[in-house]
Amino acid sequence: MSHVPGPIARRPRALPVTGAGQAAAGSYCRTRTSPLWRHLLWAMAAAWGRFLSRAWLCRTAWQGCGRNYRAALCAELKRPLVIEEVTPRPVQPHEVRVNVHFCGINFADILACQGQYQERHQLPFTPGMEFSGMVLETGTDVSTVKEGDRVIGLPGFSGMAEECITDHKNLWQIPEKVSLREAAALPVSYGTAIFALEHRACTQPGETVLVTAAAGATGLAVIDVATNILQAKVIAAAGSDEKCQLAMQSGAQSSVNYSRGSLKEAVGKLVGSGGVNVVIDMVGGDIFLEALRSLAYEGRIVVVGFAGGTIASVPANLLLLKNVSAMGLYWGRYRQQNFPVFSRSLSSALQYCQEGRIQPHIGEVFELEESINSMEAGTMCCCTSVSPDSAGYTVSGQ
């Protein structure tokens, strides 16, 4: 999908949402505004000024009017996104056309638009790694989903549009009791959390898990899965008292504000000299090293990301002395290397949510048509005051 759009601007304000596509019939075809890319512009502006865990975007239901749809475009790295109306193309035999209701904005989207993500994309490209929506049309070879099915999608990128065409293998059906808004919050954060805890660290009931960047989307997902699925004890580590409070409200048994002093010493006061069994680290740098030193005998540390901006070198002697294991998790690579295991992590997330055992955190809801106040070449203006501790924000359709 290639696009070449133009800027827009408005100011978000909070709005309760009862579900995606709540507008009256025909309203989308009349409106000049659209939900998906505009909040991405705001979210990227906020994230570049201060860390943003995630934002969620929603659009009104597709009205079947056959008109062009609109999509966000990163035409130049480290520059504001632009918008274009796109003419729908035919679906190929193996593809599915989906009406996107919600699209997650991940830290990876922001990195990709800055040219700092591990996967480089040819310009121009449309951000958006995950979405939820309803199937509009299927190719002749598709039997896994049908028109009208509710699905989550992982197209890699290109989800930040009102419509998305993707391979049918990138779609999973949403269970009846899971809303479209909840479903959009599951794939990347909960897929990563489940993989890190279950597949990589092999976390056992009763073990103690230390999670860094605990107030971010993935951090909160780790807390949710570790506490409510694996019956582990969670120590949440974050950079402010406000973030620690959010992590505690989400199920952590204790918390550490690592901006106030040594993470290792604080963890030691909580668990004693034995240490923690598992660390899920998303910060890197000195925080990674202190977390590594906090491990118990035969403990495991899983490297998920480097939100702190620094990649630490692993002192191999620390691995030897306590017989600990340091391992990485690049969740997306499992799609190519071991798709059955990758798919199982998503199916598990959907099942856990259907059973009410996990609850994705979405921090706030915004109106669809309202977003950025102003945008100038080379700069993006953050026009709303929203806590970066919230794991998700929602723009709703009107």
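The side chains of arginine 89 and glutamate 95 form a salt bridge, with N and O 3.0 Å apart; the term stands for a side-chain nitrogen of Lys or Arg within 4 Å of a carboxyl oxygen of Asp or Glu. Arginine 89 is partly exposed at a relative accessible area of 38%, whereas glutamate 95 is buried at 10%. Buried means under 20% relative accessible area, exposed over 50%, and partly exposed in between (1.4 Å probe, protein chains only).

The model is predicted: local features need pLDDT of at least 70 and side-chain atom pairs count only at pLDDT 80 or more, while totals for chains, interfaces and linings use all residues. Residues are numbered from 1 along each chain as its sequence is written, and side-chain values use heavy atoms, with hydrogens and water left out.

A salt bridge also joins glutamate 137 to arginine 97, again with an N to O distance of 3.0 Å. Glutamate 137 lies in strand β5 (residues 130-138) and arginine 97 in strand β4 (residues 95-105), so this pair links parts of the chain 40 residues apart. Helices (H or I, at least four residues) and strands (E, at least two) are DSSP runs, numbered from the N terminus. Glutamate 137 is partly exposed at 33%; arginine 97 is buried at 9%.

In the salt bridge between glutamate 207 and arginine 300, the closest N and O atoms are 2.8 Å apart. Glutamate 207 is in the loop between α5 (187-200) and β9 (208-211) and arginine 300 is in strand β13 (residues 295-303), so the contact ties together parts 93 residues apart in sequence. Glutamate 207 is buried at 14% relative accessibility, and arginine 300 is buried at 14%.

Salt bridges with shared partners connect Arg97, Glu137 and Glu163 in one network. The structure contains seven salt bridges.
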